[in-house]
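These are my notebook entries on one protein model. I set down what I looked up, entry by entry.

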Amino acid sequence: MNSLKIRRSSAMIMTGLILMLLLCSSSYAAGTINLDAPSVVVSGGMMEVIGAAEDIEAGTAIGMTIKNPAGNVVFVDETKLNDDGEFNFVFRLPGQGEKGSWQMLVSGGGAEANHSFTVGGDADVVSSAPDSTNPGKTVNFRGKVPQGNVPVGIIVYDPQGLTIFVDETFSDTKGNYDFKFSLPAESSLGVWTAQIAGGGAYGETTFQVGKSSSSGGGGGSGGSGGSGGSGKDQDVDGDKENETPSGTLPSAVGSLEISPATGGRVTDSDGKLIVTVPADTLTTDTVLMVQEVTDVSNYPTGSLILDGKIHDIRLGAGVIQNGSTVTLSFATNLQNTDEQRLNIYYWNGSRWVCLGGQSAGSDVEVEVNHLNKQFALMADPSLPVLKDISSHWAYNEIKRLIGMKVANGYSDNTFQPQKEVTRAEFAKLIVQALNLPLLESTLSYADASVIPAWAKGYIAAAEEKGIIQGYEDKSFRPNQLISRTEMAAMIVRAMGGQTASSGGNLEFIDAAEIPSWAEDYVARAVQEMIINGKPGNKFAPQVKATRAESAVMIYRLLNSLNI
């Protein structure tokens, strides 16, 4: 009898446990996560993952883990669900990422979602590429991916498999893309490989690098992405008329005649500075003049540490074409200085302005769209060394704004690039980037009493310049997170307020969701490549902007204003 009672008791306990497990399982299954992520990515390329959650509370931590085909974890990150139930991750694949099927796991709030994507593939997306070329020559790759306004990445390997060039651009509205870069003057001879991916498609092409017929040759591994276009590449067979001129300057001053068709490359007397002008960069035949500044008393550096010499770099005529850049490469003597504290600066007539700079071996490089100034490589010991930006897709943009002291890190030495930005914070970023004087005028907004004291001077300065406006109810809403639409409007007003010459035509599939008052602002921002669309040819007008996205927008604003 006792045995029967024990068996009945055990059965009841077991039934209770099963019911509890079922209840727990149902509660965990209540939330769901949906992912929008590319299915094909190129090694070294950027990848953006956009997610939406249902029945999961805002503010819930969302984690992501990426594993390569061997099952090794190569990327781990965490963000939080915003008030709209959305989140996103952005990361760069390793330059030598293994080809094959990669696995992604995103989880949070008791829910999870899996996604697999391929590194490598066989879709033909390259329509124009050289069969052969020579060291020092400019190389173009053009083609089309299945989607418009999506990131397209390229990585170029030399015959030894070393990564020589990595870049990313956005396809135009029809999916067309265009990459251009200059082969180093001492390029390895043999078969090179270019991998290009975007919009769910992948392409790979090879080209032969032979001996250059020029004793000089161009150089530098700088490049620039563009959008649109197709067709034949320029003649790269090494004819004399297409050679890239080069020259070494005497100790004090030197000049080099440059044609827009060929570009040119100049090295100073001790090899510490290289100025590379790619083909099709300048508006007219001109002379590139570089002079080492001997009297530095007119260019006080303050707490900045000068690394080498100050150089005056000028064009005798013409300017750099819109959308093109010249690469400045400085060799550093400060090998023990963290690269985040080492930047290239230019003198604007009254102070040094940080341009940023990317490490390239023992050199620091930066692309500029204006010359006719004094340039120098300097270290700023006061800058923080942030631990969460070195591999971030917006590293160069964040680095420049940190160097300009426009943006700041947090006390734990993080930048928190995925954190969203308020309207007051973005107003401060623009005012500091443009070096506008703060104003003490009384703000007339209906909610002026809730505007933080630290933000009032920035908001007043931005309002005085017509950069910001309030809402119809006369409020400013300083603590409200800024949307992509509002950001585009503020950026365009900071550029002078002129709207798009195209009349505001937008081809995003969600263009109807853009408020009518903002359509022309968004069109101008897109036309000037200040802001890009999201995957799937979306603009996402109401999506909130992150600190990384804000840094990129401010960086592009500075470039558009030649600052």
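**Entry 1: a hairpin and its sheet**

I began at the hairpin of β12 and β13, where 5 residues lie between the strands and G161 takes a positive phi near 85°. I note here that the model is predicted.

Strand β12 (residues 151–157) pairs with β13 in the antiparallel sense, over 7 bridges. Y157 has T163 of β13 as its bridge partner, and I154 stands opposite D167 in β13.

I recorded next how far β12 is covered: 6 of its 7 residues are buried.

These strands belong to an open sheet of 5 strands with mixed pairing, in the order β10-β16-β15-β12-β13. The edge strands are β10 (132–133) and β13 (163–170), and each of them pairs on one side only. As a reminder to myself, strands of a sheet pair through backbone hydrogen bonds, either parallel or antiparallel.

**Entry 2: another sheet**

I looked up a further open sheet of 5 strands, whose order is β2-β8-β7-β4-β5, again with mixed pairing. Why is one side of β2 and of β5 left without a neighbour in the sheet? I found that β2 (40–41) and β5 (73–80) stand at the edges with a single partner strand each, so one side of each has no neighbour there.

Strand β4 (residues 61–67) runs antiparallel to β5, and 7 bridges join the two. In one of the pairings I checked, M64 has D77 of β5 as its bridge partner.

**Entry 3: the nonpolar cores**

I turned to the nonpolar cores. The largest has 102 residues, and L288, F426, I459 and I491 have the most contacts inside it. Helix α7 (residues 547–560) gives the largest share of this core, with 8 residues. A second, separate core has 23 residues, including A53, I62, A111 and A113.

I then followed I459. Its neighbours within four places in sequence left aside, I459 is in contact with A424, A427, L443, Y445, I451, I468 and F476.

**Entry 4: helix α5**

How many residues of helix α5 are buried? I counted through residues 484–494 and recorded 11 of 11 as buried. Among them are R484, A488, I491 and R493. The buried residues of α5 pack against α3 (423–433), α6 (519–527) and α7. Just after α5, G496 takes a positive phi of about 125°.

R484 lies over the face of F539, at 4.7 Å from the ring centre. R493 has its charged end over the ring of Y521, 4.9 Å from the centre of that ring.

**Entry 5: I531**

I looked up I531, which is found in the loop between α6 and α7. Is I531 buried or exposed? I recorded a relative accessible area of 2%; buried means under 20%, so I531 is buried.

I531 and A488 are 43 residues apart in sequence, yet 7.1 Å apart in space, C-alpha to C-alpha. Leaving aside neighbours within four places in sequence, I531 is in contact with R484, A525, V526, F539, M553 and R556. R484 and F539 in that list are also the pair I had noted in the previous entry, with R484 over the face of the F539 ring.

**Entry 6: helix α2**

Why is helix α2 (residues 395–404) largely enclosed by the rest of the structure? I found that 9 of its 10 residues are buried, so the rest of the structure largely encloses it. The buried residues of α2 are Y395, E397, I398, K399, R400, L401, I402, G403 and M404. The elements that cover them include β26 (342–347), β27 (352–356), α3 and α7. Just after α2, K405 takes a positive phi of about 65°.

**Entry 7: aromatic rings**

Last, I looked up the aromatic pairs, and the count comes to 12. F141, W192 and F207 form one aromatic cluster.

Conventions
Residues are numbered from 1 along each chain as its sequence is written. This is a predicted model: local features need pLDDT of at least 70, side-chain atom pairs count only at pLDDT 80 or more; totals for chains, interfaces and linings use all residues. Side-chain values use heavy atoms; hydrogens and water are left out. Two strands pair if DSSP finds at least two bridges between them. Helices (H or I, at least four residues) and strands (E, at least two) are DSSP runs, numbered from the N terminus. A nonpolar core is a set of buried Ala, Val, Leu, Ile, Met, Phe, Trp, Tyr and Cys residues joined through side-chain atoms within 4.5 Å. Buried means under 20% relative accessible area, exposed over 50%, partly exposed in between (1.4 Å probe, protein chains only). Contact means heavy atoms within 4.5 Å. Rings of Phe, Tyr and Trp (its six-membered ring) pair if their centres lie within 6.5 Å; planes under 30 degrees apart count as stacked, over 60 as edge-to-face and the rest as tilted. A charge sits over a ring if NZ of Lys or CZ of Arg is within 6 Å of the ring centre and within 35 degrees of the ring normal.
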